[in-house]
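Biologist: I'm new to this one, and I'd like to learn how to read it feature by feature. Could you walk me through it?

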Amino acid sequence: MPLGEADKVYRDLLDKTRQQMSQWRLERGHLLLEARESGMAVEEIASEIGATPQVVYDLTREAKENRDGPRPPRKTAKKAARKAAPGK
């Protein structure tokens, strides 16, 4: 494959990967936002996902700003909400 063609393939793949990562980040933020709205503390969420509270704040802020963005499947969101329910 010529170098120019290989570089274009690489750049296209990199762009697609970046778009997918952005979508996953937003979906993760929506899940964390739902957990927060169900009453889980930021520190508890951070501990459960192995992140800092700042990561939780950042992701939930982005999710709030993009409420119309990609959402996790409802089954996953309901599971997260059940997990966050008191007594669990």
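Biologist: What share of the residues in the protein chain is buried?

Modeller: "Buried" means under 20% relative accessible area, "exposed" means over 50%, and "partly exposed" is in between (1.4 Å probe, protein chains only). Here, buried residues make up 22% of the 88 residues in the protein chain. Keep in mind that this is a predicted model, where local features need pLDDT of at least 70, side-chain atom pairs count only at pLDDT 80 or more, and totals for chains, interfaces and linings use all residues. Residues are numbered from 1 along each chain as its sequence is written, and side-chain values use heavy atoms, with hydrogens and water left out.

Biologist: What does pLDDT tell me, and which helix has the lowest mean pLDDT?

Modeller: pLDDT is the predictor's confidence in each residue, from 0 to 100. For the protein chain the mean is 85, and 76% of the residues reach 70 or more. Among its elements, helix H4 (residues 74-84) has the lowest mean, 56, while helix H2 (residues 42-49) has the highest, 96. Where pLDDT is low, the predicted coordinates should not be read in detail.

Biologist: How many helices and strands are there?

Modeller: Helices (H or I, at least four residues) and strands (E, at least two) are DSSP runs, numbered from the N terminus. This protein chain has 4 helices and 0 strands, so along the sequence you read α-α-α-α.

Biologist: How far apart are the end C-alpha atoms of helix H1?

Modeller: The expected span of a helix is 1.5 Å times one less than its number of residues. Helix H1 (residues 3-37) has 35 residues and should span 51 Å; its end C-alpha atoms are 51 Å apart, so the two agree. Just after H1, glycine 39 takes a positive phi of about 115°.

Biologist: Which residues of H1 are buried?

Modeller: They are Leu26, Glu27, Gly29, His30, Leu32, Leu33, Glu34 and Ala35.

Biologist: Now salt bridges: how many does the structure hold?

Modeller: A salt bridge is a side-chain nitrogen of Lys or Arg within 4 Å of a carboxyl oxygen of Asp or Glu. The structure holds 6. One of them joins lysine 8 and aspartate 12, with the closest N and O atoms 2.8 Å apart. These two are 4 residues apart in helix H1, which means about one helical turn separates them. Lysine 8 is partly exposed at 46% relative accessible area, and aspartate 12 is partly exposed at 43%.

Biologist: Which residues are linked in a network of salt bridges?

Modeller: Asp58, Arg61 and Glu65 are. Aspartate 58 pairs with arginine 61, their closest N and O atoms being 3.9 Å apart, and the two sit 3 residues apart in helix H3 (residues 53-65), about one helical turn. Arginine 61 also meets glutamate 65, at 3.5 Å from N to O; that pair is 4 residues apart in H3, again about one turn.

Biologist: Is glutamate 65 buried or exposed?

Modeller: Glutamate 65 counts as exposed, at 55% relative accessibility.
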